[in-house]
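Look at the model below and follow its charged pairs, its sheet and its core in turn.

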Amino acid sequence: GLVGTCAVDKETIYIEEIPENYLEIHSGIGSTKPESLLIVPLKLQEDIFGVVEIASLKKMEKYEIEFIEELADNIASTLSAARLNERTRKLLEESKQKSDELSSQEEEMRQNLEEMRATQEQYQKKEIELNGMTEAIDNLYIKSEYDLNGNFLNANSNYLQMVGYHLDDLKGKNVRMFVPQDRV
């Protein structure tokens with residue numbers, strides 16, 4: 001219809017010959033056909049925000065039409081600002097939400113880092129204890145290591161003192177070297 005044409009063309013429509021059964025003006029004392037019809041787009045630059053349709057019982061003067069067009073421009077500008085404000089509000093809300101999420105993630109990462117530090121400290125303490133136990137074993141007992149074929153790999157100083165060899169002299173030698181030949 002006329003309102004759609006006004007919106008698509010983005011131009012004011014003023015007619016004095018109103019189509020039959022288009023609309024009537026109703027009041028408390030009755031109803032009548034309008035004398036003129038003004039349809040003005042609510043546009044800002046090339047954006048359409050709506051259409052204003054005004055029916056009048058008299059023909060409209062040029063200055064009245066211009067005033068309504070100017071008013072329509074102001075309404076469109078206000079609607080554009082309201083839309084922009086709403087978009088800005090939503091963006092601020094999204095930004096705040098993302099900021100809150102980042103803060104939450106940062107706090108979670110900080111807690112994880114604290115837990116990792118605590119775990120690392122516990123690990124270091126256990127490692128110190130284990131090293132102390134290993135050192136105590138090395139000092140108290142005679143210890144040597146062999147592979148599955150009986151070849152010498154390593155030994156502590158107590159073992160080397162007991163057998164009377166240096167570590168380099170024993171590496172790669174078989175354990176049978178300590179067993180007397182008459183027992184083999």
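Predicted model: local features only at pLDDT ≥ 70, side-chain atom pairs only at ≥ 80, totals over all residues.

Glutamate 20 lies in the loop between β1 and β2 (25-27), while lysine 33 lies in the loop between β3 (30-32) and β4, so the pair ties together parts that are 13 residues apart in sequence. Glutamate 20 has 63% relative accessibility and so counts as exposed.

## Salt bridges along helix α2

The whole structure holds 10 salt bridges. One of them joins the side chains of glutamate 107 and arginine 110, at 2.5 Å from N to O, and both residues lie in helix α2, 3 residues apart, which is about one turn of the helix. Glutamate 107, with a relative accessible area of 33%, is partly exposed, and arginine 110, at 44%, is partly exposed as well.

Glutamate 114 and arginine 117 form another salt bridge, in which the closest N and O atoms are 3.3 Å apart. These two residues are 3 residues apart in helix α2, and so they are separated by about one helical turn. An α-helix has 3.6 residues a turn, so residues three or four places apart point the same way.

## The sheet and the helices on it

An open sheet is formed by 3 strands in the order β1-β4-β5, with antiparallel pairing. Its edge strands are β1 (13-15) and β5 (47-56), each of which pairs on one side only. Strand β4 (residues 36-44) is joined to β5 by 9 bridges, and valine 40 has valine 52 as its bridge partner in β5.

Helix α2 (residues 62-140) packs on this sheet, where it touches β1, β4 and β5, and its direction makes about 35 degrees with that of β4. The 79 residues of α2 should span 117 Å at 1.5 Å a residue, and the end C-alpha atoms are 115 Å apart, which agrees.

## The nonpolar core

The largest nonpolar core has 9 residues in all, among them Leu38, Val40, Phe49 and Met60. The largest share of this core, 4 residues, comes from α2. In that helix, Ile65, Ile68, Ala72 and Ala76 are buried, and what covers the buried residues of α2 includes β1, β4 and β5. Beyond its neighbours within four places in sequence, leucine 38 is in contact with residues including Tyr14, Val52, Ile65 and Ile68.

Technical notes: Residues numbered from 1 in each chain as written. Heavy atoms only, no water. Pairing = 2+ DSSP bridges. Contact = heavy atoms within 4.5 Å. Axes fitted to C-alpha atoms, helices over the stretch in contact; angles between N-to-C directions. Core = buried A, V, L, I, M, F, W, Y, C linked by side-chain atoms within 4.5 Å. Buried < 20%, exposed > 50% of the residue type's maximum accessible area, 1.4 Å probe, protein only. Expected span 1.5 Å × (residues − 1). Salt bridge = Lys/Arg side-chain N within 4 Å of Asp/Glu carboxyl O.
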